[in-house]
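Q: Hi! I'm new to this one, could you walk me through it?
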2 protein chains.
Amino acid sequence: MSGRLKFCGWGYEGDGLTHEEENRLLEAYAGRFDVDGFERATVPDPGTINLRAPRITPPDSLGDICSTDHMDRLLHCYGQSYPDYVRTFNGDFSTAPDVVAWAKSEADVCAVFDWAADAHAAVIPFGGGTSVVGGTEAAVGDTYKGAICLDLTGLDQVLEVDRTSLAARIQGGIRGPAMEAGLRGHDLTMRHFPQSFELATLGGMIATRSGGHFATVYTHIDDFVESVRCVTPSGPVESRRLPGSGAGPSPDRLFIGSEGALGVITEAWMRLRERPKFRASTAVSFAEFANAVEAIRLISQSGLFPSNVRLLDAMEAWLNGFGDGKSHMVILAFESADHAVDAWMARALEICAACSGSYDLDASDDTDAHKAGTAGAWRTAFIKMPHFREPLVSAGIIHDTFETAITWDRFEALHAGITKAMHTALKDVTGRTGYVSCRFTHVYPDGPAPYFTFVGLGRHGALLDQWRELKARASDAVIECGGTITHHHAVGRDHMPWYEKQIPPLFTDTLRAAKQTLDPAGILNPGVLVSAP
Amino acid sequence: MSGRLKFCGWGYEGDGLTHEEENRLLEAYAGRFDVDGFERATVPDPGTINLRAPRITPPDSLGDICSTDHMDRLLHCYGQSYPDYVRTFNGDFSTAPDVVAWAKSEADVCAVFDWAADAHAAVIPFGGGTSVVGGTEAAVGDTYKGAICLDLTGLDQVLEVDRTSLAARIQGGIRGPAMEAGLRGHDLTMRHFPQSFELATLGGMIATRSGGHFATVYTHIDDFVESVRCVTPSGPVESRRLPGSGAGPSPDRLFIGSEGALGVITEAWMRLRERPKFRASTAVSFAEFANAVEAIRLISQSGLFPSNVRLLDAMEAWLNGFGDGKSHMVILAFESADHAVDAWMARALEICAACSGSYDLDASDDTDAHKAGTAGAWRTAFIKMPHFREPLVSAGIIHDTFETAITWDRFEALHAGITKAMHTALKDVTGRTGYVSCRFTHVYPDGPAPYFTFVGLGRHGALLDQWRELKARASDAVIECGGTITHHHAVGRDHMPWYEKQIPPLFTDTLRAAKQTLDPAGILNPGVLVSAP
């Protein structure tokens, strides 16, 4: 790895799929779509891309941390969404920020806020740049004189570790791997692994309510936050370190999910744990989807709290290159730093068996089981997935995901409604049959968080419009079926129209009032969470 | 039971301690204070109490639901705090509401809001009337033309049950027992049992972030709320039923803990569970307090999630009439509707043993163990405790509790700091040695929620001032030692000065902005959470 982020693609230059892996991936899709191959688009040379001249100039005092360099602006234009990749291939960077500012301290953050307020420029807080919902795109419209991307990856330290309470004070700009590396010396870990873990920053995870590795109890990063420190244009807000409190509405909960619209999360005390010493993991196979769902419902309501209880429907497994395309899989895992988890796994497997699930009992005894068998295959696929986007877009394949949550009583109708809507939409939009699959990423006693993948054979030149229509159909279906527009991908710009349908209008008004209090000049990520009045 | 609430004392007329129980209680205290007996104050005849004439008159349209009856006004003046009892004995009801309005519907709630805004009167939402922090006292000052107590106990229905998701839509004014009775027919239970359960209403529990029966995971009512419907003076706010969501800051979290200052919680979808079929409960005894604390810390971080893991220090056990006054007790319990809990209990007891705890292994096998032995004695004492207040006040004994939460690394210093501060305060205020004890009500992986009891021999005529000084010293110590001013008793009026020290000022400003949005006339529970500007 070069340590330099890719211009197009996931992660760092030198990292990614091998040629063979990429070919296998596209051959599989060619087979699925019954085509000989794909017309491949090529990534444009960054040097050939037109950017408008910066509309604003940083004051001299900020010269050291600011850049208007062509490549810096390109690399801070987009996140990792499907339309971000399409526009990258198209060489369309019309929303690139005018200036990139790298904050190394809270003083830098404040100085950028002050400059922006004076210049009437928008400030886009930027962590890992892994948003899949347009959360960091400076598409702020013409009412602003310019846009400053505030890169926070310089705030990258584990500041303090409390080994007794299992907590640490950590800066918001640190990326997942650096944070875990900083904790490892204390024999601690957060064990919150969103798919974006490699690049995502702690502050970004908190600001977007990221979903991690645990499928139950500790699902969102919300549950790991002990306190936050958030720098707003009106000043800093810091909550007390408390394991729990009943003193009025939680201050932390205002900033968890604030998506850069209220302030910049510069620090947080995070709840940690010891590294797991005991594990059990196995895959359970179900002939009937409804039986797999029922097993997971019962497990979610059992109080067993598995670390993983992920459903992959037959299509989802097959699209990821394993399973026979007929069986639905439940990946079930327990882990503990304290005790053997045999009793837990035994009871969960009893529940699965009672719902006609079948499994290979021996596999569950292996402490490395999470890296072996179907569970291991899924784990490998999950980690590789972010690398699939670039070749798929290049091949004109539309492949995207969306996710929601719903109570158990309405899951069947939501699943049927969304599946039907997306099959119809794929046919309408691409003129041919596409694929729709479903998995559960997280489950709660009162309902699952279903995660849908849709795949269609798109057309170069039309990909953006095709995707937009499919995304709108998907989002309409989610809201009509009673779900949330996002369980852990966040709102960003892409989900705003549906977020506004979901959220009670008076709550939106209170959020607007909060923003007016904390960001009176309205410079922070304008248009995200709070639309223009 | 008569079904009529007591004028002075917990619960309903006819309910409470027997004469023998009351005598035993006071004899025990006489022994502790080494006095022959106590001068007993008597509860005044309600008919002899002066109330000022109602300052406002309900409009004719509200005549059916409004009352200015003397007894209605008396019964809606106070909650269940120590100073509430002292003032009841003193016959001081100067803050009684002018009018009591019984809402039977949301339309009634809205009508009362409209009247209050027109009349510039304050509205005090009133559920079970069990606040121990002055949360429902109409001490709103003279800027309001009058005060209306809005009694919500007419909103008392379980409206809808979702057996699949284990959830129900329930009205906010229903009391604990009626709610559980309504769920029992569906073989469901919420199993959230605050000490105020008998009288407290669901909406009141949500508005005050009540703490329930479970010592881990499901500690606050927050965790049981799937969605809320809150009627504000600006209109209704209703969130979607969702098991989880990542769409911006949680709307529910604005209303959870809003203490009647933002609106009235008229309905909520609540998460339920099946009734436990498997139980294990035992008491573990520790010679050293620090060892008991360490055992609980390790259990809280183990992922075993006991339903109960309550520490009672030796003094706390002794004050409640069991234990030898030397041993510290940990009451440990597991329960499940799904599986036997032997493996869980076995591991928790291993942890206790490693910390030098001793226990009677046989007792833990009894499925009725939670009603037997030390655990059972504690359970009985816990349920009876609300009945102690009236005789203790009558005897001039100052006996109150306060609670907080703190990370494990700071617990020892907080415990020492508070204990010392309260011993000193008791000596200063009462002129003689008092008692200070500590228990844990709830525990988290990163820290406990310690609950302190202080007892002193007060003086009739001075009780209110003595209590105020003791309460101020306790609250100062809590805040100085880094704790929260309340883990689950709420803020109310009594905690406001310390709440304002604890909460970041900019968060208070956003709360004020939210209130301005939802309650523009500022009629709702003025002075609670948001002080006068």
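What follows is a short chat about how the two chains meet.

A: Happy to! This is a predicted model, where local features need pLDDT of at least 70, side-chain atom pairs count only at pLDDT 80 or more, and totals for chains, interfaces and linings use all residues. Residues are numbered from 1 along each chain as its sequence is written, while chains are lettered from A in the order in which they are written.

Q: How many residues of chain B are in contact with chain A?
A: 78 residues of chain B contact 78 residues of chain A; contact means C-beta atoms, placed from the backbone, within 7 Å.

Q: Which helix of chain B gives the most to that side?
A: Helix H16, residues 505–518, with 10 residues. Helices here are DSSP runs of H or I, at least four residues, numbered from the N terminus.

Q: How are the chains related?
A: Rotating by 180° with 0.0 Å of shift along the axis superposes chain B on chain A, with an RMSD of 0.0 Å (least squares on C-alpha atoms of residues with pLDDT of at least 70 in both). That is the relation of a two-fold axis.

Q: Which residue of chain B comes closest to the axis?
A: B:Ala513, its C-alpha at 2.8 Å.

Q: New topic: is B:His339 buried or exposed?
A: B:His339 is buried, because 21 other C-beta atoms lie within 10 Å; the cut-off for buried is 20 or more, with C-beta atoms placed from the backbone.

Q: And what does B:His339 touch?
A: Leaving out residues up to four places away in sequence, B:His339 touches A:Ser302, A:Arg347 and B:Phe278.

How values were computed: Two residues are in contact if their C-beta atoms, placed from the backbone, lie within 7 Å. Helices (H or I, at least four residues) and strands (E, at least two) are DSSP runs, numbered from the N terminus. A residue is buried if 20 or more other C-beta atoms lie within 10 Å of its own, exposed if 12 or fewer, and partly exposed in between; C-beta atoms are placed from the backbone.
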